[in-house]
Every structure is written in C-alpha cells, then in structure tokens.
Amino acid sequence: MINFKVDNLKSMKENLADFVEFLRLSGANDEDIFASKLISCELITNVIRHGGDEAEFKGEMCADRITVTVTAESLKGVDICRPVPDVLAESGRGLYIIKCFSTDIQRSDKGEVKVVITRHKCDK
C-alpha cells in the first residue's frame with residue numbers, strides 16, 4: 001500500500017510517479033498502471049482545482065484488483081456515482097474517464113471516493 005497527501009499539481013506528479021513504481025514493483029502490467037494513474041490523476045486534480053483543498057491518497061494492489069482511494073473535504077456530499085455524463089459534455093468528463101477505466105466507484109459521506117480497477121490477466 002502507498003499513502004500520500006497532495007495539495008498542488010507538481011507534488012501530485014511526483015507522488016504519482018512513486019505510485020507507478022509501487023505498482024510496477026508489485027507486478028502490475030502497463031494497462032493496469034495506465035488506468036490506475038489516469039484515475040488517480042483525475043480524482044486528485046478535481047480535488048485541487050475544484051475544491052481547493054488537500055487530497056489524501058491511498059493506493060493498494062491485490063491479486064485481481066487495484067484500489068485507489070482519495071479523501072478530501074471537498075468530496076463530502078459529492079455524488080460521484082451519478083449517471084455518466086456525455087463524452088462531449090462541458091463538465092463531468094473526468095467522471096466519464098474514471099467510469100470507463102474502473103469496475104466500481106464507491107463514495108462515503110465523509111469525503112472518500114474509492115475506485116476499483118480489475119486487473120488484466122497477462123497471457124504468457
């Protein structure tokens with residue numbers, strides 16, 4: 001598991017590089033790393049740009065899934081599980097992207113969003 005707090009986009013980039021390395025060392029393939037980084041980036045960026053506060057990040061990898069959890073004050077009461085917006089919509093594209101690359105999104109009233117990515121099987 002990897003944890004960090006981030007309050008600006010520069011530190012987000014540095015911390016996500018550590019997350020990518022964690023996934024790589026844990027045996028994740030390139031597709032899973034791409035999806036995990038993309039989802040993490042979308043969630044954290046939305047917290048910083050739209051909420052203006054700090055995001056607490058937690059990333060975990062199990063045999064069949066990767067879990068990304070972002071917690072922030074600005075996520076309290078936000079319904080991230082609402083219907084997927086249209087791909088051409090002016091807002092909500094981040095949510096559209098997250099839903100395209102994940103298998104489950106859960107949110108709590110405490111400002112936590114948990115996204116599950118089902119790992120791809122590698123044929124060898």
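Modeller: A definition comes first: rings of Phe, Tyr and Trp (its six-membered ring) pair if their centres lie within 6.5 Å, and planes under 30 degrees apart count as stacked, over 60 as edge-to-face and the rest as tilted. With that rule, F4, F19, F22 and F57 form one aromatic cluster. Please keep in mind that this is a predicted model, in which local features need pLDDT of at least 70 and side-chain atom pairs count only at pLDDT 80 or more, while totals for chains, interfaces and linings use all residues. Residues are numbered from 1 along each chain as its sequence is written, and side-chain values use heavy atoms, with hydrogens and water left out.

Colleague: How many aromatic pairs does the structure hold?

Modeller: There are 4 aromatic pairs. In one of them, the ring centres of F19 and F57 are 5.0 Å apart and the planes stand at 70°, so this pair is edge-to-face. Because F19 lies in helix α1 (residues 9-25) and F57 in strand β2, the pair ties together parts that are 38 residues apart in sequence. Helices (H or I, at least four residues) and strands (E, at least two) are DSSP runs, numbered from the N terminus.

Colleague: Are F19 and F57 buried or exposed?

Modeller: Both F19 and F57 are buried, where buried means under 20% relative accessible area, exposed over 50% and partly exposed in between (1.4 Å probe, protein chains only).

Colleague: And which way do the rings of F34 and F101 meet?

Modeller: Their centres are 5.8 Å apart with the planes at 65°, so F34 and F101 make an edge-to-face pair. F34 belongs to helix α2 (residues 30-51) and F101 to helix α3 (residues 93-101), so the pair ties together parts that are 67 residues apart in sequence. F34 counts as partly exposed because its relative accessibility is 48%, and F101 is partly exposed at 35%.

Colleague: Switching to charges, how many salt bridges are there?

Modeller: The count comes to 4 salt bridges, each being a side-chain nitrogen of Lys or Arg within 4 Å of a carboxyl oxygen of Asp or Glu. Among them, D32 and R119 meet at 3.7 Å, N to O. D32 lies in helix α2 and R119 in the segment after β5 (112-118), so the pair ties together parts that are 87 residues apart in sequence. Both D32 and R119 are buried.

Colleague: What about D30, which residue does it pair with?

Modeller: D30 forms a salt bridge with R24, and the closest N and O atoms are 3.5 Å apart. D30 counts as exposed because its relative accessibility is 58%, whereas R24 is partly exposed at 42%.
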